[in-house]
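Subject: Structure for you to look over

Dear colleague,

I am passing on the structure we spoke about, with the sequence alongside. Please open it first, and then read the notes below with the model in view.

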Amino acid sequence: MARAVAIIGVGQTKHGRRNEVTYPDMVREAVQAVFAETGLDPKDIDGIVCGTMPSMMEGVALTHFYFADALGAVGKPMMKTETCGTTGMSLAHTGYYWVASGMADLVLVVGSEKMYEGDSQATMSTVMEPFYLRPFLTGAPGVFSIQAQQWMARYKIPEEKSREAAAKISVDHHRDAHDNPYAHIKVDLTLEDVKNSRVINYPIRFWDVCPNSDGACAVIFASEDQAKKMSLKPAWVKGLGFCGDEYWYGDSDKVAWQCAMIAAKQAYDLAGISNPRRELNVAEIYNPFTWIEMLHYECFGFSEPGRACDDVLKGVFARGGELPCDPSGGVLCTNPIGATALIRVAETALQVTGQAGAHQIEGAKLGLAHGLGGVSQFNGLMILGSEL
Amino acid sequence: MTKHFKTLKHNIWLPYQYAVGPVFNRFYEGLKEEKIWANQCPACSKMLVPPRSFCPHCSVDMGEWVEAAQEGKIVTWMTANEPFFGQPVQPPLIGALIHLDGTDCNFLHLVGGLDLNDSAALKEKIKAGTRVRAVWRAEKKGEMLDIMYFQPIS
């Protein structure tokens, strides 16, 4: 690894339908939150990284111009990073690279989305080109349904078992969200509520699907000198990985999913992790759909191939389990997409520094944050720890 | 009392005209003649459908063109019950990855020719491994939907 880098503070907006504020004012809310948390102000920042989903989501092209004032970016270098659902993780990586390179000591990283202002599923459909893929995959649910079915078919997972495990994930996360002050959807569900909700794309039902959210997240990355100078609790970047597949959906195997497995291996190797299920204390998996969370448990080495459902049903990944995943409620409860993977990073930073409040995993020292993007094309991870 | 916040309504309508390029042009022309063209990578020998100008694995220019089989098996599938913006086919529909015989990737298209409203019957008839065959529409336009769908072979 290059220079040591720490996250020294995070800020989130209240996520949900935010019709009462303009988009830049909502971005500023996250920026002000992280400055209040760290005691820093815009003049301390060396550079700014920001990102969102494609411009169609906002109806304003190249939103970094629009947000520059809200980000405190006037007179400073600024970079936009955009990789679809992975955007938030790419933002974190960009901030990390900038500090690790030695070119900056304090970098403000902000992800945001205002999904209620446009048509999110129409925007998602434009991630696919019109020559071949677009007519056949209906927004994000279509992509993830087809992948979930492939996983079940490959390992001959009985439909009832995967349905039961997916329902448990939904019930657990929607309940856990009550303990996260920033979460959007907080609701007490029964397994039957999930299993009887309407089908969106078979086998995925309403309560298996993440919401649209408006919201923003801001994170400050700092060099070792700066992090040690301030009386804050730093979350140290222990490892990161990012990997992509071929563009066309049918060209790669989405079950023994190379880009997820390679990205995880890169991050584990840098962090010196050989047994992730035992060594990690918490993980914030990018889980827009219940089944996709289970697929990642296998790709990231938390479960043996084809066995994630069994582990879920045993409670391995629930709060109080061996490796709690998404104690924040995850993407399933809160999904302002350009911010979503950065929220995974922010939540993991809060966990490993003991600052997660009501959803704190007791004694968490090492955590994994994850982002997923494109037509299931990109995976990115960041490992954070309490010790340098 | 419910608060109402003022929003500004605004629509953007942008026309696009995409260059098809020689490879997809030949592929689309093939569809008009009820042919599904594939082409082969000279480095890894993979037969890819739709055909490409270059191999996404090896980054070399693709080689020989071969007509792909019009039959294959379903690898995975999903149903869509909700209408999505800009979709040319109205729900209910089944999107599926289909492995055409003799090719080395999965081809994304629709499965049809059966009652899509009876989900219990669908689960019996459509599984990973189900054999399917292309069904062509009468009036060809040189586009993906010249193949109406792939129908299970009973």
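Among the contacts in chain B between residues at least 6 apart in sequence, what percentage join residues at least 24 apart? The value is 48%, and please bear in mind here and throughout that this is a predicted model.

To stay with chain B for a moment, its secondary structure comprises 2 helices and 8 strands, which follow one another along the sequence in the pattern α-β-β-β-β-β-β-α-β-β. The radius of gyration of chain B is 19 Å, whereas a compact globule of 154 residues would have one near 15 Å. Along the principal axes, the C-alpha trace of chain B spans about 70 × 40 × 35 Å, and buried residues account for 32% of the 154 residues in the chain.

Chain B also touches chain A, in a contact to which chain B contributes 34 residues and chain A 31 residues. On the chain B side, β4 (71-80), β5 (93-100) and β6 (107-111) each supply at least two residues, and β4(B) gives the most, with 6 residues. Sorted by class, this side of chain B has 22 nonpolar, 11 polar and 1 charged residues.

Turning to chain A, you will find an open sheet of 9 strands, in the order β3-β2-β4-β7-β1-β8-β11-β10-β9 and with mixed pairing. Because β3 (78-80) and β9 (282-284) of chain A stand at the edges with a single partner strand each, one side of each is left without a neighbour in the sheet. From one strand to the next, the twist averages 25°. Within this sheet of chain A, strand β2 (residues 47-51) runs parallel to strand β4 (residues 106-114) and is joined to β4 by 5 bridges, and A:C50 has A:V110 in β4(A) as its bridge partner.

Helix α15 (residues 337-352) of chain A, for its part, lies across β1, β2, β4, β7, β8, β9, β10 and β11 of chain A, and runs at about 175° to β10(A).

How do these two helices stand to each other, and which residues make their contact? The axes of α4(A) and α15(A) come within 5 Å and cross at roughly 60°, and the two helices are therefore oblique to each other. The contact is made by A:T87, A:G88, A:M89, A:L91 and A:A92 of α4(A), together with residues of α15(A) that include A:I337, A:G338, A:L342 and A:R344. By class, the contact of α4(A) with α15(A) has 9 nonpolar, 4 polar and 1 charged residues.

Finally, please look at helix α12 (residues 290-299) of chain A, which is largely enclosed by the rest of the structure, because 10 of its 10 residues are buried. Among the buried residues of α12(A) are A:W291, A:E293, A:H296 and A:E298. Just after α12(A), A:G301 takes a positive phi of about 80°.

With best wishes

Technical notes
Residues are numbered from 1 along each chain as its sequence is written. Chains are lettered from A and ligands numbered from 1 in the order in which they are written. This is a predicted model: local features need pLDDT of at least 70, side-chain atom pairs count only at pLDDT 80 or more; totals for chains, interfaces and linings use all residues. Two strands pair if DSSP finds at least two bridges between them. Helices (H or I, at least four residues) and strands (E, at least two) are DSSP runs, numbered from the N terminus. Axes are lines fitted to C-alpha atoms, for helices over the stretch in contact, and angles run from 0 to 180 degrees between N-to-C directions. Two residues are in contact if their C-beta atoms, placed from the backbone, lie within 7 Å. Ala, Val, Leu, Ile, Met, Phe, Trp, Tyr, Cys and Pro count as nonpolar, Asp, Glu, Lys and Arg as charged, and the others, Gly among them, as polar. Angles under 35 degrees count as roughly parallel, over 145 as roughly antiparallel, 65 to 115 as roughly perpendicular and the rest as oblique. The radius of gyration is taken over C-alpha atoms; the globule rule is 2.2 Å times the number of residues to the power 0.38. A residue is buried if 20 or more other C-beta atoms lie within 10 Å of its own, exposed if 12 or fewer, and partly exposed in between; C-beta atoms are placed from the backbone.
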